[in-house]
Amino acid sequence: MLSILTRSIRKILIGEKQDFTFYSMKGNEIELGELNKTDLYIHIPFCKSMCPYCPYNRIRYERSKVKPYLDAILKEIALYGEKLGKINIGSIYIGGGTPTNLIDELAIILESINEAFNVKGNISIETSVYDINETNVRKLKEMGVSQISIGVQSFDDRFLKLLGRNYKAEDIIPAIKTVKTGGFKSINIDLMFALPGQKIEDLWNDLKKAIELNIDQITAYPLFTFPYSTVGKYRGIKQLKMPNFMIRRKMYYTIYDYLESRGYNRVSVWGFKKGASPEYSSVTREKYLGFGAGAATYTNNLFYFNTFSVEQYCKTLSEEESPISVSMKVGEKLSNYYWLYWRLYEGEFSTADFKRKFSRDKKLQTILKIMQIWGLIEKKNEIFSLTRRGAFWIHLAQNHFMLDYINKVWTVSMNEPWPKRIEI
Ligand code: SF4
């Protein structure tokens with residue numbers, strides 16, 4: 001039902017010309033065209049605990065798999081280095097999986113990126129409470145990591161257990177204290193809400209504890225409900241009683257109001273930051289190259305994914321072949337909507353940018369007016385900003401529409417290393 005609605009909306013807005021199908025790229029090289037500057041994403045899929053809700057491309061950590069993976073990533077970096085030359089890299093984001101499982105290999109990967117490209121910006125990394133210790137913090141600093149995000153998720157052992165996390169609530173505060181000794185430019189913690197069985201009081205407790213940590217940024221996101229998920233154990237969680245719409249909305253506004261009242265400003269629909277530290281963000285970059293199994297690349301109107309299979313990713317690169325599995329061409333209109341989606345996610349955009357991209361798009365101009373009338377968006381000093389209410393609805397849209405697309409690609413790709421086509 002939702003899928004039909006999504007398709008109808010996109011047909012009205014983007015038109016019939018855009019083909020929403022990813023086609024197989026097995027055995028083909030990608031022609032990236034000219035590129036002077038981009039951001040980089042590096043995917044490290046190894047995890048020591050396999051959280052049942054997790055939708056990401058991850059495999060259980062096994063030492064024997066690390067070396068082939070490192071070799072493959074180094075080959076991929078070299079391949080792009082040869083293709084693109086020493087282009088500028090605006091920022092590097094290392095995600096997973098749990099990247100710090102490969103802490104020593106990460107130093108080698110970053111060294112090779114520095115040799116192949118001209119790295120200018122911040123290096124950000126995700127890690128988990130379990131992986132934080134003085135040695136890892138020192139190593140991260142030495143390799144140039146400047147922003148760090150810790151998946152705390154909850155301060156309540158009941159929910160940590162439900163989420164399959166491999167640490168206890170009592171481990172969190174010492175871990176954060178250790179990270180703080182690293183002098184990173186910004187520290188983010190992730191919290192989860194709308195968990196099965198979670199009550200408003202439980203959320204309050206988590207928020208209070210998060211505030212006491214005096215952290216730069218808090219990102220609170222809901223347990224996603226992936227409509228097409230066939231990702232094994234997730235089904236188990238789906239059968240548990242999830243908070244209904246009203247509770248979920250109350251939870252979102254509780255987070256919003258509480259963090260704002262404690263001096264945090266909204267920097268995205270889920271992220272709240274205080275002080276002058278730079279914003280920690282994983283998803284809002286305009287162009288990026290992705291390295292690693294299942295990594296996505298979006299650049300020069302091409303959107304593509306590497307094979308999700310770690311084994312196939314290593315194999316193809318060891319045979320000097322491309323690991324890219326599927327790609328989709330992104331027309332100008334979709335590219336503009338993609339831009340707008342992420343600006344809405346960030347919570348604001350300038351009227352000048354909007355005019356530049358959508359001056360001929362009467363339908364979208366009307367939608368923007370309707371959003372203003374409904375109080376979802378407001379215009380101040382030539383900036384459109386999401387209101388508190390608007391942020392809630394964009395958060396819902398994020399959950400239902402965008403993840404709907406992502407999930408189709410991920411679900412197929414996790415089951416087939418080389419899909420022939422994926423219609424979204
Ligand atoms: S640690 Fe993170 S990436 Fe790994 S399984 Fe858990 S949620 Fe997924």
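## An exposed glutamate

At 54% relative accessibility, Glu320 counts as exposed. Exposed means over 50% relative accessible area, buried means under 20%, and partly exposed lies in between (1.4 Å probe, protein chains only). Glu320 sits in the loop between α10 (310-318) and β16. Its phi is near 60°, a positive value in a residue other than glycine.

This is a predicted model, where local features need pLDDT of at least 70 and side-chain atom pairs count only at pLDDT 80 or more, while totals for chains, interfaces and linings use all residues. Residues are numbered from 1 along each chain as its sequence is written, and side-chain values use heavy atoms, with hydrogens and water left out.

Helices (H or I, at least four residues) and strands (E, at least two) are DSSP runs, numbered from the N terminus. Strand β15 covers residues 302-306 and is mostly covered: five of its five residues are buried. Leu302, Tyr304 and Asn306 point one way from β15. Phe303 and Phe305 point the other way.

Two strands pair if DSSP finds at least two bridges between them. Strand β14 (residues 296-299) runs antiparallel to β15, and four bridges join them. Here Ala296 stands opposite Phe305.

## Backbone details

Gln153 is not a glycine, yet it has a positive phi of about 70°. Gln153 lies in strand β8 (residues 147-153). It counts as buried because its relative accessibility is 4%.

The peptide bond from Gly96 to Gly97 is cis, with omega near 25°. Gly97 belongs to the loop between β5 (88-96) and α3 (103-116).

## A positive patch

Which lysines gather in a patch of positive charge on the surface? They are Lys355, Lys362, Lys369 and Lys379. Patches are made of residues with over 30% relative accessible area and no salt bridge; like charges are joined within 9 Å, and nonpolar side chains (Val, Leu, Ile, Met, Phe, Trp, Tyr) within 5 Å. A salt bridge is a side-chain nitrogen of Lys or Arg within 4 Å of a carboxyl oxygen of Asp or Glu. The place of a Lys charge is taken as NZ.

Lys369 lies in helix α13 (residues 362-373). Its relative accessibility is 55%, so Lys369 counts as exposed.

Definitions and conventions. Areas by Shrake-Rupley, 256 points an atom, 1.4 Å probe, with all protein chains shown as cover. Lys, Arg positive; Asp, Glu negative; His and termini not counted.
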